[in-house]
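Here are my notes for anyone opening this one for the first time. Have the viewer ready and follow along point by point.

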Amino acid sequence: MVSINVNGKEYEVDAPSNTPLLWVLREYIGLKGAKYGCGKSVCGACTVHVNGRAVRSCVTPISSVSGKRIVTIEGLSPDGAHPVQQAWIAENVPQCGYCQPGQIMSAAALLADNPKPNDLEIDEAMSANICRCGTYERIRRAIHRAAEIMANGNRS
């Protein structure tokens, strides 16, 4: 049995200690926002926050996150008011949408560490998130917009 805190709620999960966090989130807890992409930590579709840092949940064993604070796209802002979510809508970022939860979680982690990133810093921070639709330019614009929203006082 592993105890984990997901989106502010405590869970006791009866899963083998090497079970990937992504499977626990999706199959044991029922949160479907984080996506399975590559299973090798190279595409970023499964990105969640663990203690505020972007983590690939497909390669993170559940035993390594016990006692830590896990936030998924569902918990980033339950009403979609997080500045990154607002900017994603304003910039019309998603196309197919499959990678977007991971993109948003990586962008939110970037802005928490660097509230005003330049293009190069955005490209570097987001380079491990792959978008098959190629929305990278819109993603960059949305991150700049989210930074502006946050600078104007909305930190949700």
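1. Let's begin with a pocket lining: G52, R53, A54, S106, A109, L110, D113 and A125 line the second largest pocket. Keep in mind throughout that this is a predicted model. That pocket has a volume of about 150 Å³. Two elements, β4 (53–56) and α4, each give two or more residues to its lining, and α4 gives the most, with four. By type, the lining of the second largest pocket splits into four nonpolar, two polar and two charged residues.

2. Now for the largest pocket, with a volume of about 200 Å³. It is lined by 13 residues, and H49, R69, V71, L76 and H82 are the closest to its centre. Here the elements that give two or more residues are β5, α2 (73–76) and α4 (100–113). Which element gives the most to the lining of the largest pocket? That's α4, with four residues.

3. Next, have a look at α1. Its buried residues are L21, L22, V24, L25, R26 and I29; note that an arginine, R26, is on that list. What do the buried residues of α1 pack against? They pack against β1 (2–6), β2 (9–13), β3 and β5 (69–71). After α1 comes G30, with a positive phi near 90°.

4. Why is the pair of W23 and Y36 called stacked? The ring centres of W23 and Y36 are 5.3 Å apart and the planes meet at 25°, and planes under 30 degrees apart count as stacked.

5. That pair also links separate parts of the chain. W23 sits in helix α1 (residues 21–29), while Y36 belongs to the loop between α1 and β3 (47–50), so the pair ties together parts that are 13 residues apart in sequence.

6. One last thing to click on is Y98. R132 lies over the face of this tyrosine, at 6.0 Å from the ring centre.

Definitions and conventions: Residues numbered from 1 in each chain as written. Predicted model: local features only at pLDDT ≥ 70, side-chain atom pairs only at ≥ 80, totals over all residues. Heavy atoms only, no water. Phe/Tyr/Trp six-rings, centres within 6.5 Å; stacked < 30°, edge-to-face > 60°. Lys NZ or Arg CZ within 6 Å of the ring centre and 35° of its normal. Buried < 20%, exposed > 50% of the residue type's maximum accessible area, 1.4 Å probe, protein only. Contact = heavy atoms within 4.5 Å. 1 Å grid on protein atoms, 1.4 Å probe; cavity = no way out; pocket = protein on both sides within 12 Å on 5 of 7 lines; lining within 4 Å. Points joined across faces, edges and corners; volume = space filled by probe spheres on them. Nonpolar A, V, L, I, M, F, W, Y, C, P; charged D, E, K, R; others polar.
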